[in-house]
Amino acid sequence: MLIQGGTLLPLTEKGRSFAGDVRLAGNRISEVGEHLPPQRGEAVLDARDCYVLPGFVQTHVHVVQSLARHRADGLELLDWLSQRIWPYEAALDVEDVAAAARLGIAELLTGGTTSALDMGTTHSQDAIFQAAEQLGIRFISGKCHMDDGLGAPERLCEDTGASLAEAEELGRRWHGAGGGRLRYAVAPRFVLSCTPALMKGAVALARRHGWLLHTHTSENHRETELVRQRTGTGNVTYLSELGIGGQDTVLAHCIHLDEDEYALLAEEGTGVAHCPGANLKLASGVADLPRLLAAGIRVGLGADGPPCNNRLSIFHEMALAGTLHNLRHGATAIDPWTVLELATWRGAQVLGLEQVGQLAPGWLADIVVLGHDAWAMEPGGDPAAAIVFGGGPEAVRHVIVDGQVVVRDRRLLTGDTAEIRRRARTRAQRVAAKLGWI
Ligand SMILES: [Zn+2]
């Protein structure tokens, strides 16, 4: 296939864009150039008047929470969890999980996100992987582990050994499935929900198989203080003592860090998921992105859960990442080209996805084609500024994952969108009624 006639942002070099074409062979990019004549019999995807860039990567989402969207507003993290999210997750059956995952993944793909690291819930993780397999996203996910109280419903608190054993089975089943698009991540929820035995078991399990470790850290002031009371140290330091840190670890948030924790994250090579939309919504605070980057810490972006954002749009996160830090660091805090890097190859590196996130020969063919359908992207100018500050999901015209076109002319090809919406609404109503929310 040839993607023809667009303005390319390969993101191999900061600030570089040019008119050109991209050729794919199987699931890889074979050529990137200024004028590639179509070959005989080659399919052509029209990208005239469009930007062509690597597919977006989100380093922290919870598609399973999609049915609770717009029903958990006006709360800070610990109340949001105990009053809304945990009861919601405990109320889900497998059909609810499937409907939530399909809604979330459809939103991600049609919004240009081609890869994501996701955290599931305690049960029905197979349904999340099935949705990802069918809809065609590159997806890393894992069941969420909790074995300690803090007001969580009984259905979510599991026996430590049984919970980890289930994760191992899930990982054996799904890691590498979907032609290599799907991977497993071991996902204890956060320190306050997990015994040290669970955390250590999660580390051993992940390292035994080479799977990612994924958890939440230092998101909320009260959470961080409770961890300090319990352990005597900062959250990141405590996790590191348990073995949760390093190139295979992704910590969501990292807002309330001790001074020495920046150096610790850099030293260990731990990845951080920056989620400004959710952090503002839950009044959690602002992670110091310029400082994280200056310390040499690997960072990506993520929308987090639909009930704490309330969208899974990388454009929302990019616009925030490109503006929010001006408050503390001045108007040049994070330039739009750096934001695009965070949303593509830097995010992919955090997830351990090799050769994902740039338009370069040999790299995996995960690509988005953006039209100027968002009025704010007109009348052109710097392409990164147009996308980061002016873009939105409505600009996403075509999406390719692993060489397959999954969105063409803004239409999802891998699932029936009317059915996805209908099922999500029906199931969301059912869950809300069960919980006495309506
Ligand atoms: Zn989260």
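## Close-up views

**View 1. D402 forms a salt bridge with R138, and their closest N and O atoms are 3.0 Å apart.** A salt bridge here is a side-chain nitrogen of Lys or Arg within 4 Å of a carboxyl oxygen of Asp or Glu. The pair links distant parts of the chain, for D402 sits in the loop between β16 (396-401) and β17 (404-408), whereas R138 belongs to strand β8 (residues 138-141), 264 residues apart. Helices (H or I, at least four residues) and strands (E, at least two) are DSSP runs numbered from the N terminus. D402 is buried, with a relative accessible area of 14%, and R138 is buried as well, with a relative accessible area of 5%. Buried means under 20% relative accessible area, exposed over 50%, and partly exposed in between (1.4 Å probe, protein chains only).

The structure is a predicted model, in which local features need pLDDT of at least 70 and side-chain atom pairs count only at pLDDT 80 or more, while totals for chains, interfaces and linings use all residues. Residues are numbered from 1 along each chain as its sequence is written, and side-chain values use heavy atoms, with hydrogens and water left out.

View 2. The closest N and O atoms of R69 and E107 are 2.9 Å apart. R69 counts as buried at 15% relative accessibility, whereas E107 counts as partly exposed at 23%. In a further salt bridge, between D73 and K281, the closest N and O atoms are 2.6 Å apart. Here D73 is in the loop between β6 and α1 and K281 is in helix α9 (residues 276-281), which places them 208 residues apart. D73 is partly exposed at 38% relative accessibility, and K281 is partly exposed with a relative accessible area of 29%. D93, D96, R427 and R430 are linked in a network of salt bridges, and a search of the whole structure finds 29 salt bridges.

**View 3. Four residues, H60, H62, H216 and D304, coordinate the zinc ion.** The donor atoms are NE2 of H60, H62 and H216 and OD of D304, at 2.0 to 2.2 Å. Donors are N, O and S atoms within 2.8 Å of the metal (3.2 Å for Na, K and Ca), and sites may look incomplete because water is not among the atoms. The angles among the four donor atoms run from 90 to 173°, and the site is irregular. (Four donors count as tetrahedral if all angles lie between 85 and 135 degrees; four count as square planar and six as octahedral if opposite donors are over 155 degrees apart and all others between 65 and 115; anything else is irregular.) H60 lies in strand β6 (residues 56-61) and D304 in the loop between β14 (298-301) and α11 (314-321), so this pair ties together parts that are 244 residues apart in sequence. H60 and D304 are both buried.

**View 4. L370 is among the residues that touch the most other members of the largest nonpolar core.** That core holds 137 residues, and F56, F139, M318, L340 and I387 are named along with L370. A nonpolar core is a set of buried Ala, Val, Leu, Ile, Met, Phe, Trp, Tyr and Cys residues joined through side-chain atoms within 4.5 Å. Leaving aside neighbours within four places in sequence, L370 is in contact (heavy atoms within 4.5 Å) with residues including Y51, F56, F315, M377 and I387. A second, separate core of 18 residues includes F18, L24, V369 and V405.

**View 5. Helix α15 (residues 383-390) is mostly covered, with six of its eight residues buried.** The buried residues are P383, A384, A386, I387, V388 and G390. Among the elements that cover them are β5 (51-54), β6, α11, α13 (336-342) and β15 (367-370).

View 6. P379 is in the loop between β15 and α15. The bond from N309 to N310 is also cis, with omega near 5°, and N310 lies in the loop between β14 and α11. L11 has a positive phi of about 60° although it is not a glycine, and L11 counts as buried at 3% relative accessibility. Most residues other than glycine have a negative phi, and most peptide bonds are trans.
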